[in-house]
Structure formats: structure tokens, C-alpha cells
Amino acid sequence: MVPNLRTVQSESSPGAGQLVEVLGDTVRLSHVVYAVVISLVLSFGGYWIGLQVFPGIVSHTLVNSYSLLLAMIGCIIGVVMNAKLFKPKRVLSESESNPDEQMELLEELQVDPAEESRLLENDPVTKNELESLNLLHLFNPKAGEPS
Amino acid sequence: MSTILIALILGVVGCILFSLIGLVSGTDETAVMVPFTLLVILLGAPPAAVFTFFMSAVLSKHITHAVPTALMGIPGDTLAVPLIDHATILRRLGVPHIALRKMISAGILAAFFALPVSLIFAHFLSRFAHFFETAAGPIFTIAAFVIAYFSKGRWASVIMILPFAFFLHAVGDAGFSILHKHLSIAFFLGIAVGPIVADLLTSFSPSGRAHLLRKKEREYTVAPDVKSWSGYFPNPLRALTGPQKILTFITAFISSLTFTLSPVGMTSLLGEAVGSRTRGLYKKSTTSLAVMNGVTESTYIAETIIPLVAFGLPLSPMALGPAAPLFNAPPVFSSSPMHNLHNLLTPWQFFWFGLLGLAVAAVIVYPFTMKYARRATIFIMKNISQEAIIAMFIGLASVLAYYEGHLTGVLVTLAVATFGGLLNRILGVGSGVQFMIFYGSTWMMTQLFS
């Protein structure tokens with residue numbers, strides 16, 4: 001069962017509502033700012049709480065470490081909150097691995113069918129692998145149409 | 001609780017944590033491994049258990065990073081970048097599950113192979129400890145020049161070596177004069193989050209923003225559901241052909257020897273070397289992917305173990321990056337005076353606890369990845385926005401920088417991230433180069449100015 005992969009497409013608006021690309025993915029600038037603020041507040045908050053609470057409970061040398069742990073927990077809570085508040089700006093679709101796509105790829109890469117066939121003649125292992133994947137016909141025209 | 005039990009628990013924790021992290025693309029290793037490793041150490045885990053945690057984390061991350069790489073054509077992390085092209089070919093042929101299978105099978109084989117090889121090699125190298133200690137500076141510097149030349153920036157990267165080294169040195173000195181201690185975590189966090197900071201800053205600037213603007217959301221294509229996803233998961237030894245297995249072992253061996261060279265560099269290099277000798281489209285892609293992912297595991301493991309076991313000093317890119325806390329984690333571990341895993345564990349303990357980490361991770365991650373790769377990818381793509389990821393990195397890096405150096409630490413990280421990030425984005429000086437410059441900067445500066 002394939003879930004519906006299409007997510008809501010949103011438009012870019014001027015100013016801080018703009019869509020920009022950061023680290024190769026699309027984000028809305030205003031959301032980034034809010035998310036970062038939330039993350040900083042929760043991380044540093046966790047750290048600060050740790051510094052207040054732990055000195056009475058654990059030995060002096062461990063206070064910093066446990067506070068760091070709380071900071072991490074705060075950060076993770078931040079991730080969950082941010083994930084819930086700010087939906088991904090992505091459009092997901094399923095790729096079609098159809099014969100056209102495959103032929104296009106072979107053309108793009110300038111694959112020489114004669115060369116490929118020749119190589120496969122001497123390489124039964126690869127030939128078997130390709131056969132089991134229904135790909136042999138792409139590289140070995142003599143094998144005929146896919147089953 | 002016995003050490004073995006704690007190690008086992010931490011191994012499982014590390015595995016689950018880093019499997020999940022590896023599935024989220026763009027999660028740079030240094031930025032995520034340092035905080036959690038540091039945490040485990042500072043919380044007082046026994047050294048052997050820390051090592052198990054780390055080994056488990058390394059294996060897990062480099063298994064699951066193959067998932068977005070194979071299914072979507074997006075690198076799971078920095079180390080997966082060299083694998084993109086071949087993974088995309090297989091995806092377009094309609095067999096991404098094969099790409100995945102080849103990558104993770106080779107990864108597991110290479111990891112288990114690299115563990116003993118590294119230990120043996122470390123044992124042999126320990127007598128040369130003095131040489132490596134003194135030669136580290138020149139080695140890193142030469143490596144920086146080589147990697148710089150082969151980076152996207154080419155000569156621009158090479159030209160920037162000295163200015164960037166000087167910058168790092170200057171910032172380091174400023175930090176020292178304020179805090180009276182040397183910062184290190186702040187620096188490599190800065191380099192690691194550089195690209196994010198650079199992108200964000202560019203977007204905030206109206207003049208810089210133009211080329212980053214997008215009109216609509218990014219489109220992603222996920223490979224379709226294939227019957228082989230569920231149920232059946234093959235033995236890693238059966239997923240690869242004989243020659244592929246041999247090449248995996250050979251490249252794992254070579255990359256273990258070259259422990260002072262950057263992991264990304266070695267992955268690309270060996271991938272190229274093997275790929276150019278392999279003929280036939282399908283065979284070339286599958287073999288290259290297997291070899292490359294194997295190298296991602298073996299370099300990480302060798303570069304952690306060799307310096308740790310042979311010298312106790314951080315003399316490899318890993319040791320100065322993701323594995324740094326194993327060498328220096330004040331107040332628990334330090335490399336001078338030396339009190340870290342080097343003196344706290346015997347080589348046999350490294351072997352058994354390392355093996356435990358690898359085994360725990362392999363047993364959990366391999367079946368999980370084979371069964372749930374596609375579902376996990378879709379879940380993450382639909383529910384975890386990039387904003388949340390970016391915020392996580394910024395939050396984590398800020399707190400850690402603060403932990404190490406308070407406000408000064410944060411400013412150091414911000415300054416390094418800005419300069420390094422912009423160099424990365426605008427000039428093409430990659431993080432690998434920047435890390436290498438960082439490692440060699442002290443030596444470079446003393447050569448020039450003392």
C-alpha cells in the first residue's frame with residue numbers, strides 16, 4: 001500500500017516569508033528563525049536548569065555533564081516541537097522507474113550496448129544478477145524482451 | 001553494573017541514536033558525534049563502554065546514511081557525497097534496493113575487517129610514536145595542500161590555506177587570552193556548522209539573498225516500493241560478488257593504512273580508482289558503491305583506533321573531528337598530560353569492546369535498514385522539516401561551544417562558522433580542507449613566525 005506522498009505546496013512570499021534554500025533543502029526564512037529561537041531557548045534552558053538543580057544532587061564535577069544532558073534533552077524536545085510547528089517544505093513523489101527512464105539514462109551516459117554485451121559474455125555472475133533484476137535486456141539485446 | 005553490561009547498553013543506545021540520525025540527510029558527522037560522545041564520557045561511563053558506544057555509532061551511521069543516498073539521491077551525510085552519482089544511476093535503473101544492499105553489506109564487512117587490521121597496524125606503529133608526533137604538523141599541512149587542490153575551489157582553496165590557518169590561529173590566541181585555556185571543540189563545531197551558518201546569513205542579507213531564493217518547494221522523488229524491501233534480507237556475504245568482496249577488503253586495508261588522510265578524500269579516491277578499472281555500467285556502479293561505503297567505515301574505524309592505541313594523541317582527521325572527545329574531554333580525558341583511552345584500555349580490550357560495538361550495531365541496523373529503509377525515509381521526509389534540523393544543529397553547537405568556553409566559545413564558533421562557511425559556499429573550500437588546515441595550522445604558524 002503506497003501512502004499518498006504529495007504534501008501541500010506553498011508559495012513564496014516576500015520578506016521573511018520567503019522560501020530559500022539552506023543545505024540543499026527548501027525552508028521558509030521566518031520559520032527558521034522561530035525554530036532556531038525555540039531550539040536555543042530549550043537547549044540553553046535545559047543547561048541552565050541543570051546548573052540550578054544538580055549542585056545539590058550530584059557531585060560537583062558531574063554538574064556540567066548532567067546539565068549538558070538536560071541541554072540535549074531540551075534540544076531534542078525542540079526538534080519535536082519544531083517538526084510539529086513547521087511542516088516540511090517538500091513535495092514528495094514516487095519515481096517511475098519505467099523503461100523510458102532507463103533508456104534515457106543509458107543514452108545520457110553514452111552506454112555502448114555492444115561493449116556491454118561483450119563484457120557480459122565473460123561475466124556470468126553479473127549476467128545472472130542483471131537477469132534476476134529484469135535488467136539484462138538493457139545491456140544484452142540478444143537476451144530479448146524482459147519477462 | 002558490570003562494564004560489559006554498560007558497554008552493551010551504550011552500544012544499543014549508540015546504535016539506535018545514530019541509525020536515526022544517519023537517516024536524516026545532511027547530518028554532518030562531527031556536529032552530531034562530538035556532542036553525544038562527549039556526553040557519554042562526561043556522564044562517567046567506563047572507558048571501555050565509551051569505546052563500544054563510539055564503534056556502534058560509527059557503524060550505524062554509515063549504514064543508514066546509505067538510505068537517503070540510495071532512495072532519494074541525497075547524501076545522508078558528508079561522507080555519503082562521493083556515493084551519490086553511482087547510487088543515482090542504480091536508482092534510475094530502478095534498483096535502489098540493490099544499491100542499498102551493496103553499500104551496507106560492504107560497510108559491515110569493511111568495518112569488521114578494519115578493526116583487527118587497525119589494531120595490528122597500531123601495534124606496529126607505536127614504536128614510531130615519536131616520529132608521528134613530530135611529523136604530524138608537516139603531514140597535515142601537505143595533506144591540506146593536496147586536498148585543497150582537489151577540492152571544488154582548486155587554486156582558490158590552496159591560496160586560502162595560509163590566510164585561514166592564520167585566522168584560526170588568531171582566533172585561538174584571542175580565546176586563550178580571555179579564557180586562559182585552548183579551545184578545540186568550538187573550532188571544529190565552527191567548521192562543521194559553517195555551511196548552515198553561511199546559508200542562513202546569506203539569506204538574511206537582502207543583497208546576498210537573491211541566488212538562494214526559491215519560488216516553490218523542492219521536489220523529491222522517492223524510489224517506488226519494491227517487493228524485495230520486506231521480509232527477505234540477505235547475508236551480507238551473499239549480497240556482494242567475489243571480486244566485490246575482495247575489493248572491499250583491499251580498499252578497507254589501504255584506507256586503514258592511510259589513517260592521516262581525510263575520510264571523504266579516501267572514499268572518493270578509492271571509489272575512483274576501483275570504478276575506473278571496472279567495466280560495464282551496472283558492475284561499475286555496484287562495485288564502486290560497495291567499495292566506497294566500505295571505505296567510509298574502515299577509515300572511520302582505523303583513524304580512530306590507530307592514533308588512540310598507538311599514540312594516545314589525536315593524529316588523524318577523525319581524531320581531530322568526530323572522535324576528538326575520545327582523546328580530549330576535560331576534565332575526564334586529556335592528551336597532554338596523557339590520560340585517555342590510550343592508557344585506560346589494553347589493545348585486547350579495544351578489540352573486544354570494539355567488536356561488541358560493531359556486533360551490536362550490525363545485528364540491529366542491518367535488518368532494520370533492509371526492512372524499513374523506505375518507510376523511514378518517507379516518514380522523515382514528510383514529518384521532519386529542514387527548519388527543525390537546522391535549529392537542532394544551531395542549538396547543539398551553541399550549547400557545546402558555551403559549555404567549552406562560555407560566550408567566548410560561542411563567538412569563536414560563530415566566527416569560524418561564518419568565515420569557514422562562506423569560504424565553503426563561495427569559494428568551494430570544503431570542510432575536509434578546512435579541517436586539515438585546522439590540524440596543520442599550529443605547525444604552519446610556528447614555521448612562518450617563530
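Are B:F18 and B:F53 buried or exposed? Both residues are buried, as the first of the following close-up views of this predicted model shows.

**Figure 1. Aromatic pairs within chain B.** Over all chains, the structure contains 20 aromatic pairs. In one of them, the ring centres of B:F18 and B:F53 lie 6.2 Å apart with the planes at 75°, so this pair is edge-to-face. B:F18 belongs to helix α1 (residues 3-23) of chain B and B:F53 to helix α3 (residues 47-64) of chain B, so the pair ties together parts that are 35 residues apart in sequence. A further pair is formed by B:F259 and B:F311, whose ring centres are 6.5 Å apart and whose planes meet at 35°, so the pair is tilted. B:F259 is located in the loop between α12 and α13 of chain B, and B:F311 in helix α14 of chain B; the pair thus links distant parts of the chain, 52 residues apart. B:F259 counts as buried because its relative accessibility is 3%, under the 20% limit. B:F311 likewise counts as buried, at 4% relative accessibility.

**Figure 2. Further ring interactions.** A:F44, A:Y47 and B:Y402 are linked into a cluster by ring pairs. In chain B, the charged end of B:R154 sits over the ring of B:Y149, at 4.8 Å from the ring centre.

Figure 3. Helix α14 of chain B comprises the 31 residues 281-311. At 1.5 Å a residue it should span 45 Å, and its end C-alpha atoms are 43 Å apart, which agrees. Of the 31 residues of α14(B), 29 are buried, so the helix is largely enclosed by the rest of the structure. The residue that follows α14(B) is B:G312, which has a positive phi, near 80°. Within the helix lies B:S298, which counts as buried at 0% relative accessibility. Apart from neighbours within four places in sequence, B:S298 is in contact with B:A110, B:A114, B:T251, B:A252, B:S255 and B:S256.

Figure 4. Helix α13 (residues 263-277) of chain B has 15 residues, and the distance from its first C-alpha to its last is 21 Å, close to the 21 Å expected at 1.5 Å a residue. Its buried residues are B:P263, B:M266, B:T267, B:L270, B:G271, B:V274 and B:G275. They cover an arc of only 145° around the axis, which puts them on the same side of α13(B). An α-helix has 3.6 residues a turn, so residues three or four places apart point the same way. The buried residues of α13(B) pack against α12 (242-257) and α14 of chain B. On the face turned away from this buried side are the exposed residues B:L269, B:E272 and B:S276.

**Figure 5. B:V50 in helix α3 of chain B.** B:V50 is part of helix α3 of chain B and is buried, with a relative accessible area of 0%. With neighbours within four places in sequence left aside, its contacts are B:V40, B:I41, B:A45 and B:L326. The C-alpha atoms of B:V50 and B:L38 are separated by 9.4 Å, the two residues being 12 residues apart along the chain.

**Figure 6. A sheet formed by strands of chains A and B.** Three strands make up an open sheet in the order β2(A)-β1(A)-β1(B), with antiparallel pairing. At the edges stand β2 (25-28) of chain A and β1 (213-214) of chain B; each has a single partner strand, so one side of each is left without a neighbour in the sheet. Strand β1 (residues 19-22) of chain A is joined to β1(B) by two bridges, and these strands run antiparallel. A:V20 stands opposite B:L213 in β1(B).

**Figure 7. Helix α2 of chain A and its packing partners.** Helix α2 (residues 60-85) of chain A has 26 residues and reaches 38 Å from its first C-alpha to its last, close to the 38 Å expected at 1.5 Å a residue. Its buried residues include A:V63, A:L68, A:M72, A:C75, A:V79 and A:N82. The buried residues of α2(A) pack against α1 (29-53) of chain A, and also against α2 (29-42), α17 (347-383) and α18 (386-427) of chain B.

Conventions. Residues are numbered from 1 along each chain as its sequence is written. Chains are lettered from A and ligands numbered from 1 in the order in which they are written. This is a predicted model: local features need pLDDT of at least 70, side-chain atom pairs count only at pLDDT 80 or more; totals for chains, interfaces and linings use all residues. Side-chain values use heavy atoms; hydrogens and water are left out. Helices (H or I, at least four residues) and strands (E, at least two) are DSSP runs, numbered from the N terminus. The expected span of a helix is 1.5 Å times one less than its number of residues. Buried means under 20% relative accessible area, exposed over 50%, partly exposed in between (1.4 Å probe, protein chains only). Contact means heavy atoms within 4.5 Å. The arc is that of the directions from the helix axis to the C-beta atoms. Rings of Phe, Tyr and Trp (its six-membered ring) pair if their centres lie within 6.5 Å; planes under 30 degrees apart count as stacked, over 60 as edge-to-face and the rest as tilted. A charge sits over a ring if NZ of Lys or CZ of Arg is within 6 Å of the ring centre and within 35 degrees of the ring normal. Two strands pair if DSSP finds at least two bridges between them.
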